[in-house]
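Me: I would like a close look at one part of this protein. Please focus on the salt bridges and what surrounds them.

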Amino acid sequence: MNKYGLKFEESYEDSDSFLKDIIYGGKLYNHFFSGDFVFRGHQSSSYKLIPSVLRNNCIDIRHSNFRSPNLSITDREQLAFEFDILRSFYLKCDESGLYLPDNSRLRSGIFSFDDNGTITKDGIWLPEDLYDIAALAQHYGLPTRLLDWSFNINIAIFFAISELIKNNKYDEKDFICIWLLNKSMNTWLTFNIALPDFPLRLIRPIYKYNPNLKAQKGLFTLWKIHYKAEADSLKDCRPLDELIDSYFDSKEERFKNAINRPLIGCLKIRQTKENIKKLYLFIKNNNIDFSTLFPGYSGVVEYLKYDSIFESN
């Protein structure tokens, strides 16, 4: 635990011990797997809880309308970059006749950083009217300020190990990581400690038109920022767990004794070939694989390729 009891972390040298702890009756089951938490998988402990649009490799975006960001740009420049991504995505999807949630601001093309908050909506980024379109863009690979999570830990395990198995490369000095986040955090903080300014938001997008997201039981988190034109600071690229710590640092005296359960956690499993194999067999037995998470012909083909690569190891 960290100093406020906010963060839980545990490391495992073998996958058997990890699986024993998370299944029904395991020591972690009642704490983390009774419905309060959501999950995210990372294939390496070096990966941070940083949204894709704030990562260094966001320069992978190649489009004449997008200006690649850098590490030292201001909030104003960063928000304009993010808005441009969402608006370009929205207009091109609309031109292609694809389903989109209606959004008059993106459709009109009228936006600026003026006093009425046309982009930010009362100085808040990301504004609620852009949640659905940002979730859609994020799920299909565009960088946004959202982080992907799943209601199902087995799906998080899949995304932590799938690339390792496909590439048949493992680093025994490294760990895969399963992050856990208390999805009732916002309600609990707001109603029990009266912290209405807590910036974390959970976004559950519309599943109807996105079978992949539905299959992956997906949702997103957003750490809202309050943009002030008169104090245009450099963009903040800290990971989510550090932002949570920093938020409570400023409130330590009042709230240090109020937190009685972890709000975020990380379970690390040694990245050995044998561990990954056992994790794969576990989730496969629970009906989690490419064909179930990516419904359609391509998911079936990926399953056959993925499964045969694994079996040949």
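To start, what is the mean pLDDT of the protein, and what share of its residues reach 70 or more? Then take me through the salt bridges: how many does the structure hold?

Reply: This is a predicted model. The mean pLDDT of the protein is 82, and 81% of its residues reach 70 or more. Strand 4 (residues 147-150) has the highest mean, 96, and helix 10 (residues 252-255) the lowest, 61.

Now the salt bridges. The structure holds 12 of them. One of these joins the side chains of Glu-10 and Lys-27, with N to O at 3.0 Å. Glu-10 sits in strand 1 (residues 7-12), and Lys-27 in the loop between helix 1 (15-22) and helix 2 (29-32). The two are 17 residues apart, and the pair links distant parts of the chain.

Next comes Glu-13. Its side chain meets that of Arg-270 in a salt bridge, 2.8 Å from N to O. Glu-13 belongs to the loop between strand 1 and helix 1, while Arg-270 belongs to strand 9 (residues 264-270). Arg-270 has a relative accessible area of 17%, so it counts as buried.

Asn-275 is in helix 11. Asn-275 is buried, because its relative accessibility is 4%, and buried means under 20%.

Stay with helix 11, which covers residues 273-285 and includes Glu-274. Glu-274 counts as partly exposed, at 41% relative accessibility. From Glu-274 to Asp-14 is 8.5 Å in space, C-alpha to C-alpha, yet they are 260 residues apart in sequence.

Helix 11 also carries Lys-284. Lys-284 forms a salt bridge with Asp-307, the closest N and O atoms being 3.0 Å apart. Asp-307 lies in helix 13 (residues 297-311), so the bridge ties together parts that are 23 residues apart in sequence. The two ends differ in cover. Asp-307 is buried at 12% relative accessibility, whereas Lys-284 is partly exposed at 24%.

Last, a group of four. Glu-163, Lys-166, Glu-302 and Lys-305 are linked in a network of salt bridges.

For contrast, look at a nonpolar part of the surface. Tyr-99, Ile-206 and Tyr-209 form a patch there, with about 290 Å² of accessible area together. Ile-206 is in the loop between strand 6 (200-203) and helix 8 (211-215). At 43% relative accessibility, Ile-206 counts as partly exposed.

Methods
Residues numbered from 1 in each chain as written. Predicted model: local features only at pLDDT ≥ 70, side-chain atom pairs only at ≥ 80, totals over all residues. Heavy atoms only, no water. Patch = residues over 30% accessible without salt bridge, like charges linked within 9 Å, V, L, I, M, F, W, Y side chains within 5 Å. Areas by Shrake-Rupley, 256 points an atom, 1.4 Å probe, with all protein chains shown as cover. Helix = DSSP H or I, 4+ residues; strand = E, 2+ residues; numbered from the N terminus. Buried < 20%, exposed > 50% of the residue type's maximum accessible area, 1.4 Å probe, protein only. pLDDT = per-residue confidence, 0-100.
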